[in-house]
Amino acid sequence: MAYKISDACIECGSCADECPVGAISHGDGKYVIDPAKCIECGSCASVCPVGAPDME
């Protein structure tokens with residue numbers, strides 16, 4: 001199960017900077033995670049100030 005970013009995202013970009021495989025990009029009003037690239041490492045969740053990334 002890949003991580004998914006909820007609507008709680010404040011678009012700070014900390015998750016994208018932390019992702020070791022480049023699976024996170026800026027979407028429409030929030031960042032999004034490409035499930036095909038996500039390796040489920042949890043790095044994004046560990047740096048998010050609002051807890052937006054979560055397992056699907």
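Contact here means heavy atoms within 4.5 Å. The model is predicted: local features need pLDDT of at least 70, side-chain atom pairs count only at pLDDT 80 or more, and totals for chains, interfaces and linings use all residues. Residues are numbered from 1 along each chain as its sequence is written, and side-chain values use heavy atoms, leaving out hydrogens and water.

**Exercise 1.** Find the residues that Y31 is in contact with, leaving aside neighbours within four places in sequence.

**Exercise 2.** Work out how many residues the largest nonpolar core has.

*Solution.* First, the term: a nonpolar core is a set of buried Ala, Val, Leu, Ile, Met, Phe, Trp, Tyr and Cys residues joined through side-chain atoms within 4.5 Å. Buried means under 20% relative accessible area, with a 1.4 Å probe and protein chains only. Next, the count: the largest core has 14 residues. Y31 turns up again, among those with the most contacts inside this core, along with I5, C15, I24, I33 and C44.

**Exercise 3.** Find what lines the second largest cavity.

*Solution.* Step one: on a 1 Å grid over the protein atoms alone, a cavity is a set of points where a 1.4 Å probe fits but cannot get out, and lining residues have an atom within 4 Å of a point. Step two: look around this cavity and you meet I5, C9, I10, C12, G13, S14, C15, C48, V50, A52 and P53. Step three: sort them by class, which gives 9 nonpolar, 2 polar and no charged. Here Pro counts as nonpolar and Gly as polar.

Terms used: Buried means under 20% relative accessible area, exposed over 50%, partly exposed in between (1.4 Å probe, protein chains only). On a 1 Å grid over the protein atoms alone, a cavity is a set of points where a 1.4 Å probe fits but cannot get out, and a pocket is an open set with protein on both sides within 12 Å along at least five of seven lines; lining residues have an atom within 4 Å of a point.
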